[in-house]
Amino acid sequence: MTSAACVQDVTKEYRMDGGTVRALRGVSLEVPEGDYVAIMGPSGSGKSTLLNLLGCLDRPTSGRIMLGDKDVTRASDDQLSEIRASRIGFVFQSYNLIPQLTVLENIEVPLYYQGRFASDDRRRCLELAEMVGLSDRLKHRPTQLSGGQQQRVAIARSLANDPYFMLADEPTGNLDSVTAAEILELLVELNHNGKTIIMVTHETDIGRQAKRIIQLKDGMILEKE
Amino acid sequence: MTFLWFRTWQLGVKSLLLHPLRSLLTVLGIFIGTASVIWLLAIGEGISRKAQEQIESLGANNIIVRSIKPPSEVTEGMGRLLSYGILRNDYERLHETIPTVERILPIREMRRRFGFSSRMVDGRLVGCTPQYAEVTRLEVDRGRFISDGDLRDRHNYCVLAADLATRLFPFEDPIGRSVRVERDYYVVLGVMKPRAPSAGIGGSLAAQEFDNDVYIPITTLWNRIGDTVFTARSGSFEAEQIELSQITLRVDEVKNVLETADLVKETLERYHRIKDYGVTVPLELLEQARTTRLMFIIFMGLIAAISLLVGGIGIMNIMLATVTERTREIGIRRALGAKRGDIIRQFLVETIVLSTVGGITGVLGGLTVGPVLRLILAALEKTTPQVMAQLPEIIRTATPVIVPWSIPLAFGISVTIGIIFGLYPARRAAAMDPIEALRHE
């Protein structure tokens, strides 16, 4: 079985004015297809750094990162953009929809940056909107939607390009508990249908929804459950 | 691919419409810049073309010598009878000594009142020869001009300018009737066609008009009126003795004009102790006018370029603000797979839209220069007539002429400025670290 993501002994250092900050000190991790992983840890543990590396927003200082069968360790900025466009789906804490676009247009954005747009893409986006229960809100702007609805749009958007995995960064952080539960339910359902999900959270309750939890502390993995 | 481009444009327009007033003001900057290029060049062209026309109407082949009253310091102590100006002897000398002169006309003119029945009209009495009409490009409308026979026999004949004829004879046909000048009567031989004024000569800036002229044979004028003109001034009489007001020389070929002009000046200098004449060479004026025109275009272009530059800075300013404001959006787009190039294109499209809209409306605004300027001048005439009266006539009456190449030029510059000034903000947007941008509040 191929893995959606494979991280091998990755370190990440940031140069600050004071000196070097070592955010990750040798992390190895494998996420098989169909997995649902929660990356947990206190702030400063390096979970955001790991998320950025998995999301191809940044490159590691050393080590190796494979997404599917692609080595992204030394990819150029444009190559990373291409991988993000075609193979990664982001879900953010604050939804991060583009305010001047409608719901449907927001879902289409990743396809747009793949440099292609065919008629079945449009159909696919409509299906995704239906899947997250927003087919009656297609022409609405993000500001006209509730937080939960916005996060649903973001989830639909993250799936538009059929990614290796969905990267969810505190997806329920801005939501009330009822809506949060709905969103988590949606994630579980998506995982059941075969989607690979990597979620970053600092709440244990939410982390428990995942199949397994990876605890990070001081840039290292503590334990695997 | 076309669809994606279409989406980029659509998105650009959408983002601009998010802040309609801001976009409008930015467009306004480019609009003013573009329109002012067309406006200023059109006004400059209008004025210089008018000046050129006036000079050309003097005739590029001509050299004009005119009597000028010397300044009072020079004439002091000369007594009551002031005698100055070009002489009949000058005419003879010029006539006989310069071989390149094809035609030479002696002219004597003075202000007079002309009467017919009970009507009186002020005008200019011009004593001249039959060639006068040809050299000054006057055309006969009805009747005939003065002939050699009239000149030889010193007939009391006259020919009227169009405007004066209609004022003196509003109801009658002037031909064959007698016009009264002081105590003499002149039979009207013909009426001339109207003619546009030509540039001022003999050091005067005022345009020379031909509307109120009455032409008589110069021999008749010498015979009837003589050389001396009396004027009553503050209680005392003053008399001026002038033999000729003007000599117009026509040179055989344009290339000989400047050389001949030098000869004319030398000849006159030898016989005139004081500078009581002026020599005007329209060809020189024409060349000066061409230089002036070029200066004008450069100057006007510079002003317009500055206003376009200001417009461009406006675009840059707004785009920088927009980029900062939309940092988060840039972060999202980068996370979703936008390359740096995509971000550059997105922001550049917005500036291109702004500058193109500004450019197109600016061109349209520029084309209105004629009617709008007329309105402005009319409004100024009404509100501040004194200021208007001080403006040179050429500025008051010039009609702007749109220079055809100024339209693509203005449009091209405005779009280019949009791109140049949009490039930096766009690059700055693209250079942002996506992680930082996503964190931006």
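**Exercise 1. The interface**

How many residues of chain A are in contact with residues of chain B, and how many of chain B with chain A? Describe the interface in this predicted model.

*Solution.* 

Step 1. Start with the contacts: 28 residues of chain A touch 25 residues of chain B.

Step 2. Turn to area. The size of an interface is often given as the accessible area lost when the parts come together. Between chain A and chain B about 2500 Å² is buried, and carbon and sulfur atoms give 57% of that area. On the side of chain A, the residues that lose the most area to chain B are Gln100(A), Tyr112(A) and Tyr113(A), together 29% of what that side buries.

Step 3. Look for polar links. The rule finds 13 residue pairs in polar contact across the interface of chain A and chain B, both residues being at pLDDT 80 or more. Helices α2 (77–87) and α3 (103–113) of chain A each supply at least two residues of the side that touches chain B. Sorted by class, that side of chain A holds twelve nonpolar, six polar and ten charged residues.

**Exercise 2. Salt bridges**

Find the count of salt bridges between chain A and chain B, and examine one pair between the chains and one within chain A.

*Solution.* 

Step 1. The count between chain A and chain B is four. Over all chains the count comes to 41.

Step 2. A pair qualifies when the side-chain nitrogen of Lys or Arg is within 4 Å of a carboxyl oxygen of Asp or Glu. Arg334(B) and Asp77(A) meet this rule, with 3.0 Å from N to O.

Step 3. Within chain A, Arg122(A) forms a salt bridge with Glu108(A), and their closest N and O atoms are 2.5 Å apart. Arg122(A) lies in helix α4 (residues 119–131) and Glu108(A) in helix α3 of chain A, so the pair ties together parts that are 14 residues apart in sequence.

**Exercise 3. A cavity**

Which residues line the second largest cavity?

*Solution.* 

Step 1. The whole structure has four cavities of 30 Å³ or more.

Step 2. From chain A and chain B, its lining consists of Leu101(A), Glu105(A), Val109(A), Tyr112(A), Arg7(B), Gln10(B), Leu11(B), Lys14(B) and Arg333(B).

Step 3. Assign the lining to helices. Helix α3 of chain A and helix α1 (2–17) of chain B each supply at least two residues. Helix α1(B) gives the most, with four residues.

Step 4. By class, the lining of this cavity has four nonpolar, one polar and four charged residues.

Key:
Residues are numbered from 1 along each chain as its sequence is written. Chains are lettered from A and ligands numbered from 1 in the order in which they are written. This is a predicted model: local features need pLDDT of at least 70, side-chain atom pairs count only at pLDDT 80 or more; totals for chains, interfaces and linings use all residues. Side-chain values use heavy atoms; hydrogens and water are left out. Contact means heavy atoms within 4.5 Å. Buried area is the accessible area (1.4 Å probe) that two parts lose on being put together, summed over both. A polar contact is a pair of N or O atoms within 3.5 Å; within protein, one must be able to donate a hydrogen and the other to accept it, and residues adjacent in sequence count only if both atoms are side-chain atoms. Ala, Val, Leu, Ile, Met, Phe, Trp, Tyr, Cys and Pro count as nonpolar, Asp, Glu, Lys and Arg as charged, and the others, Gly among them, as polar. On a 1 Å grid over the protein atoms alone, a cavity is a set of points where a 1.4 Å probe fits but cannot get out, and a pocket is an open set with protein on both sides within 12 Å along at least five of seven lines; lining residues have an atom within 4 Å of a point. Grid points are joined across faces, edges and corners, and a volume is the space filled by probe spheres set on the points.
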